[in-house]
Amino acid sequence: MKLLFITYHRTVAEPETDDVHTLTFNQFARHVKLIQQAGVTVAGTHVLERDQPDPGHQIVITFDDGNKSDLVNAELLVRHGMTAMFFISTANIGRDGYLDEDDIRKLDGMGMLIGSHSHQHKRLNKLPTAEARTQLKTSKQCLEAILGHSVQYIAFPGGGYSSSVVAMATELGFRHMMTTDWGVNTATHDSKKRHLYKRNNIMKNMPDSEFIRLITLKSRLRRGLTFFLKRLLRASLPENSYGVIRKLVMSSNTINKSSN
Ligand SMILES: [Zn+2]
């Protein structure tokens with residue numbers, strides 16, 4: 001089976017210009033419709049624990065950061081008979097714009113899967129070992145105390161991970177780990193990386209036609225190249241300037257597309 005993870009963040013009622021990861025609620029709702037129209041199955045939240053995966057390809061919907069908008073998005077998914085995974089940075093719980101403890105229990109009760117997104121949303125591969133461990137451990141304990149059951153999934157903040165971060169997370173009891181590396185997961189991928197999953201960030205400037213190509217697995221080469229170039233750029237520039245350049249590229253893409 002091929003599993004395609006798509007990753008969302010915050011959604012808003014009215015369009016905002018500053019953050020490429022912030023979609024309007026309407027755009028997300030449209031994506032849900034497009035998934036249904038394309039006839040692609042959204043996998044249940046326990047898909048990674050099955051020994052005998054289903055044939056064909058399925059989508060896993062994930063949300064990062066623990067924004068308050070997760071609730072309304074989850075309610076929409078429930079109305080369509082779908083579930084998703086929500087990765088929460090626990091230091092933000094109860095803060096303005098973020099989920100509180102009751103919200104997290106509500107998502108859990110709706111059949112959504114709750115996972116860690118570290119405690120303070122720091123890039124774990126950039127931290128001293130002891131601090132990375134504290135980030136992982138604190139978030140896991142915090143979510144388990146809220147939910148009253150074990151939490152074994154993590155999405156690495158900023159997609160930052162290394163072999164030592166993976167080893168540490170494994171030792172602390174995380175069994176399934178989400179990256180932001182582009183791509184599709186196959187049953188046959190490297191057994192050493194079996195519990196590391198590729199995910200595809202959905203940006204607000206993605207045209208619907210591109211979204212359809214993504215969910216039907218028809219845009220792999222182009223997206224693969226884009227991901228490779230972004231990696232190259234990020235590796236060769238300081239973090240701030242990468243963000244500035246990415247914004248410029250994103251906005252020029254939008255302009256080019258709308259003038260076509
Ligand atoms: Zn995040």
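## Isoleucine 61

Isoleucine 61 counts as buried because it has 26 C-beta neighbours inside 10 Å, the term buried applying where 20 or more other C-beta atoms lie within 10 Å of a residue's own, with C-beta atoms placed from the backbone. This is a predicted model, in which local features need pLDDT of at least 70 and side-chain atom pairs count only at pLDDT 80 or more, while totals for chains, interfaces and linings use all residues. Residues are numbered from 1 along each chain as its sequence is written.

Isoleucine 61 belongs to strand β5, which spans residues 57–65; strands (E, at least two residues) and helices (H or I, at least four) are DSSP runs numbered from the N terminus. Residues up to four places away in sequence aside, isoleucine 61 touches Ile6, Val42, Met82 and Ala84, a contact being a pair of C-beta atoms, placed from the backbone, within 7 Å. Between isoleucine 61 and isoleucine 6, which are 55 residues apart along the chain, the C-alpha separation is 5.2 Å.

## The nonpolar core

The largest nonpolar core holds 50 residues, and Ile59, Ala84, Phe86 and Ile114 have the most contacts inside it; such a core is a set of buried Ala, Val, Leu, Ile, Met, Phe, Trp, Tyr and Cys residues joined through C-beta atoms within 7 Å. Strand β1 (residues 2–8) supplies the largest share of this core, 5 residues.

Beyond its neighbours within four places in sequence, isoleucine 59 is in contact with Leu4, Ile6, Ile35, Val40, Val42, Ala43 and Ile215.

## The chain as a whole

The chain contains 8 helices and 12 strands, and 32% of its 260 residues count as buried. Of the contacts in the chain with a separation of 6 or more, 64% are between residues 24 or more positions apart.

Definitions and conventions. Buried ≥ 20, exposed ≤ 12 C-beta atoms within 10 Å, placed from the backbone. Contact = placed C-beta atoms within 7 Å.
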